[in-house]
Amino acid sequence: MPLHDKNKLRANLLDDVYASSDLSVVMPKYKMPEDEHDPRHAYQVVHDELMLDGNARQNLATFCQTWMEPEVHRLMDECIDKNMIDKDEYPQTAEIESRCVHMLADLWNSPDKANTLGCSTTGSSEAAMLGGMAMKWRWRQKMKAAGKACDKPNMICGPVQVCWHKFARYWDVELREIPMEGDRLIMTPEEVIKRCDENTIGVVPTLGVTFTCQYEPVKEVSNALDALQKKTGLDIPIHVDGASGGFLAPFVEPELEWDFRLPRVKSINTSGHKFGLAPLGVGWVVWRDADELPEELIFRVNYLGGDMPTFALNFSRPGGQIVAQYYNFLRLGKEGYRKIHQSCYDTAHYVSDEIKKLGLFKIIYDGRGGIPAMSFSLKDGVDPGFNLFDLSDRIRSRGWQIAAYSMPAHREDLVIMRMLIRHGVSRDLANLLISDLKRCISYFTKNPVENKANEEDSGSFKHS
Ligand SMILES: *Cc1c(COP(=O)(O)O)cnc(C)c1O
């Protein structure tokens, strides 16, 4: 190599990343590049692009965790190579998963916590599929044994998260979703009982409804189903969608009976990555006792060595989230979870009081009787020069992402704004948010919006 080429090569190696030839041109976006790129350059391009996502900590629309202790980051890194399905190769990770299931079974008062079945999943959605399938299979066994047709299964719920719409469609189950009516935004026992028949595979109350954050009345529904059974003989099971509440109520409201203390509750799902405080990608489903999970749904996988029962939709799956969940259990214990959640509830109450004082808003949910969150609508008949979609848009200029959305059937007319107060939303941060809200409102007072925004304009907030 001629000397001047060598010098050029050396100069290139020393280039600042932004002065490099890779970053002086546009990187390919939709076609795989033909050649390699320096890892530093590729990293910087990807890293920089992610800045445009906004700051997850300021996303008050999500229920999912956005702050982790440094130890969790370390464990996630140490587990990057662990495949959850290789239970024979990583028996200790499998053991840790099993311990988590047993801790949850105990936390939720299973009468057979040492032997009951359950598993980790990628989140509550997969867990809901598994819980729903078990209900459908059990119902079918019962109908077959009675010599009855089993081609028209139905399931009853209140305003549910989209995963139950998916369950119903994918597994061919009619969803009898109780619509909202006036100020009743969740299920009631009466509305449930009206919809029950012999084709009902189960009732699914939500502990922490996505739209309003309220808990549905599991015990009252269970009592009503007891009375129905006495009257008609229909024995309809309950699966609780505890995506959020499954990791809140046991610590903060231990006296609330919503779990396996009610014999009719046969299975429960929860999201580890919501109030379980684990990183994204873990959920759980646990059955009351082993009999509630039909044997035909369990696969015995033996080609990785050993004979391992599995019940899951996925095969390969990362193990780090599960290990991190176990870390949280050890690290925090019941007391640690209680303290974290209680401080979030206190902050939610505080934010709710502050927003009420602004005078323009009707508080829909003040953080009592559900998830640590709050929601509000504009007061009826008030036109402060903006609507909640405009406010959502404006507050984003300070980085805050707050969902504004309309309610599902029959309250599509009601538009609310909802804020989740999670681990990491300190009182200080809440105060900064409230100052920013005030600033937005006074901006709109001076500059009222002529063409107010609507749901379509407001982007793609999902009820995650
Ligand atoms: C978030 C949520 C789900 C879905 O859970 P993922 O863990 O996101 O899959 C289901 N039900 C309720 C009530 C939820 O809040």
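Start by selecting Asn387, which caps the N-terminal end of H11: one of its side-chain oxygens sits 3.0 Å from the backbone nitrogen of Phe389. Keep in mind as you go that this is a predicted model.

Now select the whole of helix H11, residues 388-395. Is this helix enclosed or open? It's largely enclosed by the rest of the structure, because six of its eight residues are buried. Color those buried ones: Leu388, Phe389, Asp390, Leu391, Ser392 and Ile395.

Next stop: the ligand. Show the 13 residues that surround it, and pick out the closest: Ser124, Ser125, Asp241, His273 and Lys274. By type, this shell has nine polar residues, two charged and two nonpolar.

Zoom in on some individual contacts. At Ser124, look at the backbone rather than the side chain: a polar atom there is 2.8 Å from an oxygen atom of the ligand. At His273, a polar side-chain atom comes to 2.7 Å from a ligand oxygen. Then click on Lys274, where an N or O atom of the side chain is 2.8 Å from an oxygen atom of the ligand.

On its own, the ligand exposes 380 Å², and the protein buries 92% of that.

Key
Residues are numbered from 1 along each chain as its sequence is written. This is a predicted model: local features need pLDDT of at least 70, side-chain atom pairs count only at pLDDT 80 or more; totals for chains, interfaces and linings use all residues. Side-chain values use heavy atoms; hydrogens and water are left out. A residue is near a molecule or strand if one of its heavy atoms lies within 4 Å of it. A polar contact is a pair of N or O atoms within 3.5 Å; within protein, one must be able to donate a hydrogen and the other to accept it, and residues adjacent in sequence count only if both atoms are side-chain atoms. Accessible areas come from the Shrake-Rupley method with a 1.4 Å probe; for residues, only the protein chains shown count as cover. Ala, Val, Leu, Ile, Met, Phe, Trp, Tyr, Cys and Pro count as nonpolar, Asp, Glu, Lys and Arg as charged, and the others, Gly among them, as polar. Buried means under 20% relative accessible area, exposed over 50%, partly exposed in between (1.4 Å probe, protein chains only). Helices (H or I, at least four residues) and strands (E, at least two) are DSSP runs, numbered from the N terminus.
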